[in-house]
Amino acid sequence: MSLLILVSICFAICLAEAATTIRVVDGTLASTGQVVGRYTSSLQREVVDALFAPVSPKNYSGVSLVDHTVLRYLELEGDYMCDEPLRLPSLFVLKLNGTLSEAENLTLTDRPRFSALVLLNKTSYSAVIGGTYNSSRYPTPAGSRGMQAITIVDGHRNAVRNVRAVAGFESAIGINGGSENEVADSDVGGEDGNVSPARCIWTLSTDRALVHGNHVHHCEKHALDFDAYTSTSVAYNNLCEFNGEEGIFVEETANGNFVANNVLRNNAQGIGVYSNAVGPGQNNFF
């Protein structure tokens with residue numbers, strides 16, 4: 001093995017072990033000038049998976065305060081394209097100053113439910129902060145679930161904050177399973193004259209979700225949707241307006257949720273409470 005290869009391997013290992021913040025500007029590593037590209041597949045391979053050390057629950061199970069001493073940060077500046085979902089690990093913060101939208105070669109067929117441009121799957125203590133995430137650039141093929149903008153699936157104590165999220169299918173921001181996840185202080189939905197054909201914020205089979213301080217607007221369907229088996233969750237201080245169905249929708253089997261101090265105006269309906277085949281919603285407070 002050549003000396004150059006050994007040096008390269010050593011550099012990558014040392015960087016991965018020491019990395020707390022990595023900054024990418026217009027597809028280039030700010031620290032080295034290495035081009036890593038503007039596509040999520042290359043960001044995943046060249047940055048997220050290569051330059052950050054892997055973590056497991058043992059890295060945070062005994063930590064009483066999760067802060068900058070244990071979190072790792074990826075700062076992206078510029079405009080990027082999603083050709084595959086960008087999968088964030090635990091103890092990871094994505095800070096975007098720019099945009100992330102669908103690439104022309106992104107496959108929209110045969111996607112699993114809650115697939116998204118940015119996916120937090122079984123992660124803990126991670127966050128998406130800032131930036132614009134638009135999964136409505138191309139129409140969703142018939143029979144496909146398409147792509148959401150940002151989703152948290154079976155995660156614990158993750159956050160989405162201060163983002164602009166637009167969806168072309170199902171929802172802009174989704175939480176499925178897991179517990180104690182947050183969507184806060186974000187601008188979610190379509191635009192005047194360009195209504196998103198989906199929900200804005202969607203929770204399903206989760207508990208203790210916090211949805212607060214968001215502007216939820218111009219979605220064709222249930223705008224802020226506490227769907228089936230959402231429990232002990234809170235929606236507060238949200239502004240929901242100009243939506244095609246309910247501003248806030250609490251569905252069947254949703255239990256023990258608290259909806260307070262929201263402003264709902266110019267929606268087809270204000271608050272909807274619904275029960276059908278799965279079972280009744282109970283003990284929800286408005």
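How many salt bridges does the structure hold? The structure holds 14 salt bridges, each defined as a side-chain nitrogen of Lys or Arg within 4 Å of a carboxyl oxygen of Asp or Glu. The model is predicted, with local features requiring pLDDT of at least 70 and side-chain atom pairs counted only at pLDDT 80 or more, whereas totals for chains, interfaces and linings use all residues. Residues are numbered from 1 along each chain as its sequence is written, and side-chain values use heavy atoms, with hydrogens and water left out.

Arg-161 and Glu-182 form a salt bridge through their side chains, at 2.6 Å from N to O. This pair links distant parts of the chain, with Arg-161 in strand S10 and Glu-182 in strand S13 (residues 182-184), 21 residues apart; strands (E, at least two residues) are DSSP runs numbered from the N terminus. Glu-182 counts as buried at 12% relative accessibility, while Arg-161 counts as partly exposed at 38% (buried, under 20% relative accessible area; exposed, over 50%; partly exposed, in between; 1.4 Å probe, protein chains only).

Ala-159 also lies in strand S10 (residues 159-161) and is buried because its relative accessibility is 10%. Residues touched by Ala-159, not counting those up to four places away in sequence, are Ser-126, Ala-127, Val-128 and Glu-182, a contact being heavy atoms within 4.5 Å. The C-alpha atoms of Ala-159 and Glu-180 are separated by 9.0 Å, and Glu-180 is linked with Arg-157, Asp-207 and Arg-208 in a network of salt bridges.

A further salt bridge joins the side chains of Arg-164 and Glu-191 (2.8 Å, N to O).

How values were computed: Helix = DSSP H or I, 4+ residues; strand = E, 2+ residues; numbered from the N terminus.
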